[in-house]
Amino acid sequence: MAEAKRRAKRAVPPRNVNTLLIEEAFATWLPPAVGAVILGATMLLDALGLIAEPIAALSAVFALLILGISTALGSLLRDAHPRLGPVALAGVALAWIIVFALPFSLRLFPGPPVATTSLEAKPANPVLPIGEGRFDLVLDAHLPPATEHQTRQLHYALTLTDGAGQSQHYDGELGDQWQTRRLGRRGTAPVHLEHLSATHEVDYPAGGTVRLDDVAVSGIPEASVAASFYHRRVPGLLWLLGGGILLGIAALTFDLWWDPQRTPTAALLTATATGAVVVFCSSAAGHPGLRQVFGSTIVGGIAGVPTIGIVAWLVRRFPALRRIAPGRAT
C-alpha cells in the first residue's frame, strides 16, 4: 500500500519552474514593461523626427492600451480562483485592444485625398468631383518664414456649394505662436506652438460635386491654404457612443460576474478608452498626432471614470445582482 502511494506521488510531475516564472511575469511586470518601452521609444523617435507623426500616434495608442489592460489583467491572473484561464484572458485583452485601436487608426490614416485645391479667390471657382458620402475637409496652412518670435494668425473663410445648390459655410483660424516655458526655478525657454491644419466634416454632397465659393484668406501676407477632401472612414459620433456604451455594459457585467466586490477595473478602462476615442475622432485637428492622443486620453479618463463609477455603484444597489457570482463573498 505504501509502495503504491509512493508510485502515485512520483507519477504527478511537479510544475516546471520556468512555467511558474513566465506566468508570474505575465501577471506582474511584463505587460506594463512592454507598454512603457513602446511609449518611451515612440516619444523619443518622434522628438528626433525619425518616424512619421501618424505612426508615432498609433504606437502611443497601442502602448497606452497595453498599459491600461495590464492593470486589470494582472489582478485577474493572480486570483486564487480564476474563472477564465490565462489563454482566454489574453484573448479577451487582445480583442479589447484591437477594438479600441481601430477608430484611432482610421482617424490617423484617412487614405489618399479624393480632391485637392488651393484656397484662392478666383473669377471661376473650381468645381471638384468628390462623389457622395461623408468627407473630411482638411485645410493646411503654409506660412512664410518668420524673422522673429511672434504670434501669427491666419483667418480663412469659404462656402461649399454642392450640385443641388445647397451651401455650407466654414471658417476658422490657423497660425503659430510663441510661449515662454519655465525650466527649473529661474530658467525659461521659448516654445513654438503650431496650429497649421484644421478639419471640417462635409456630409452627403448632392450631385457628387462641390464648388468653392466666397473664398477669403487674410492675416498673414504670402501665406497660402490648401484644401483636401478625404473619405471619412471613422463611424459617426452616435455610433461611437453607442458602441462604447455597449462595451462598457459588457465590461461591467464581466467585472460583476468575476467578483461583485472587486473594483470594476475593466469597466473603468473601457469607459476611459471610449471617452478617448470620442474626443480624438471628433477633434478638429487636420492631422492629429501625439498631443491629441494624450489629450484625448486625459479627457476620456476625466469623463469616463466618474460616469462608470456612478453606474457601478447604482448597479450594486440591486439585491438581485448579489447572485451574479455564486460562491463569491458578498
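**Group meeting talk: salt bridges, cores and a surface patch**

Okay, let's start with a pair of side chains: R152 and D176 meet in a salt bridge, at 3.1 Å from N to O. By salt bridge I mean a side-chain nitrogen of Lys or Arg within 4 Å of a carboxyl oxygen of Asp or Glu. This pair links distant parts of the chain, with R152 in strand β4 (residues 152–162) and D176 in strand β5 (residues 167–183), 24 residues apart. Both R152 and D176 are buried. Buried means under 20% relative accessible area, exposed means over 50%, and partly exposed is in between (1.4 Å probe, protein chains only).

Quick background before I go on. This is a predicted model, where local features need pLDDT of at least 70 and side-chain atom pairs count only at pLDDT 80 or more, while totals for chains, interfaces and linings use all residues. Residues are numbered from 1 along each chain as its sequence is written, and side-chain values use heavy atoms, with hydrogens and water left out.

Now the overall picture. The protein chain has 8 helices and 9 strands; those are DSSP runs, numbered from the N terminus (helices are H or I with at least four residues, strands are E with at least two). Of the 330 residues in the chain, 38% are buried. If you take contacts (heavy atoms within 4.5 Å) between residues at least 6 apart in sequence, 74% of them join residues at least 24 apart.

Back to the salt bridges: how many are there by this rule? The count comes to 5. R232 forms one with E201, and their closest N and O atoms are 3.6 Å apart. R232 sits in the loop between β9 (224–231) and α6, and E201 in strand β7 (residues 197–203), so this pair ties together parts that are 31 residues apart in sequence. R232 is buried, at 16% relative accessible area, whereas E201 is partly exposed, at 36%. These two also belong to a network of salt bridges that links R134, D136, E201 and R232. Then there's R211 with D213, at 2.9 Å from N to O. Here R211 is partly exposed because its relative accessibility is 31%, and D213 counts as buried at 12%.

On to the inside. In soluble globular proteins, nonpolar side chains tend to be buried together. A nonpolar core is a set of buried Ala, Val, Leu, Ile, Met, Phe, Trp, Tyr and Cys residues joined through side-chain atoms within 4.5 Å. The largest one here has 34 residues, and V61, L65, W96 and F104 have the most contacts inside it. Two or more residues come from each of α4 (53–77), α5 (86–108), α6, α7 (265–281) and α8 (290–315), with α4 giving the largest share, 12 residues. What does L65 touch? Leaving out residues up to four places away in sequence, L65 touches W96, I97, F100 and A101. There's also a second, separate core of 24 residues, which includes A141, Y156, Y170 and L174.

One more inside residue: T42, in helix α3 (residues 30–47). Why does T42 count as buried? Because its relative accessible area is 5%. Again leaving out residues up to four places away, T42 touches I51, A56, S59, A60 and L290.

Last stop, helix α6 (residues 237–258), where we find I245. Is I245 buried or exposed? I245 is exposed, with a relative accessible area of 54%.
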